[in-house]
Amino acid sequence: MTNYDVEHTIKKEMSGDVRDAFVAIVQSVKNKPLFFADKLYKSMKGAGTDEKTLTRIMISRSEIDLLNIRREFIEKYDMSLHQAIEGDTSGDFLKALLAVCGGED
């Protein structure tokens, strides 16, 4: 009726943490693999790595839909999740994440 989707309306009409929570729910419902691809990208972009988020998502989604997340990641960011992990982590942490991630796309 308003010609706006739910996410747009939430962003327009709400603010703060409640807005962020509702937007996250809507994005997750719309496309769960893309939602997690975005979270993985944000955990690695900029200075430093949010290792807790990166580890939590990689491990929790590894047997569920990590392949779909990898596809969405490469489609949106023009690099594979494997490449992003290699560029942002090192040592044993890098080796463990690449083992969970699987082969390069």
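Mentor: Let's start with burial: buried means under 20% relative accessible area, exposed means over 50%, and partly exposed is in between, using a 1.4 Å probe and protein chains only. Keep in mind that this is a predicted model, where local features need pLDDT of at least 70, side-chain atom pairs count only at pLDDT 80 or more, and totals for chains, interfaces and linings use all residues. Residues are numbered from 1 along each chain as its sequence is written, and side-chain values use heavy atoms, leaving out hydrogens and water.

Trainee: Why is Tyr77 called buried?

Mentor: Its relative accessible area is 18%, and the cut-off is under 20%, so Tyr77 counts as buried. Phe73 is buried too, with a value of 0%.

Trainee: What makes Phe73 and Tyr77 an aromatic pair, and what kind is it?

Mentor: Rings of Phe, Tyr and Trp (its six-membered ring) pair if their centres lie within 6.5 Å; planes under 30 degrees apart are stacked, over 60 edge-to-face, and the rest tilted. Phe73 and Tyr77 sit 5.1 Å centre to centre with 50 degrees between the planes, a tilted pair. They are four residues apart in helix H5, which means about one helical turn separates them.

Trainee: Why is the pair of Phe35 and Phe36 called edge-to-face?

Mentor: The ring centres of Phe35 and Phe36 are 5.3 Å apart and the planes are at 75 degrees, so edge-to-face is the label. Phe35 and Phe36 are both buried.

Trainee: How do you know that H1 is roughly antiparallel to H2?

Mentor: Helices are DSSP runs (H or I, at least four residues), and strands (E) need at least two; both are numbered from the N terminus. Axes are lines fitted to C-alpha atoms, for helices over the stretch in contact, with angles from 0 to 180 degrees between N-to-C directions. The axes of H1 (residues 6–13) and H2 (residues 16–30) come within 10 Å and cross at roughly 170 degrees. Under 35 degrees is roughly parallel, over 145 roughly antiparallel, 65 to 115 roughly perpendicular and the rest oblique, so H1 is roughly antiparallel to H2.

Trainee: Which residues does Leu40 touch, leaving out those up to four places away in sequence?

Mentor: Contact means heavy atoms within 4.5 Å. Leu40 touches Leu54, Ile57, Met58, Ile69, Phe73 and Leu81.
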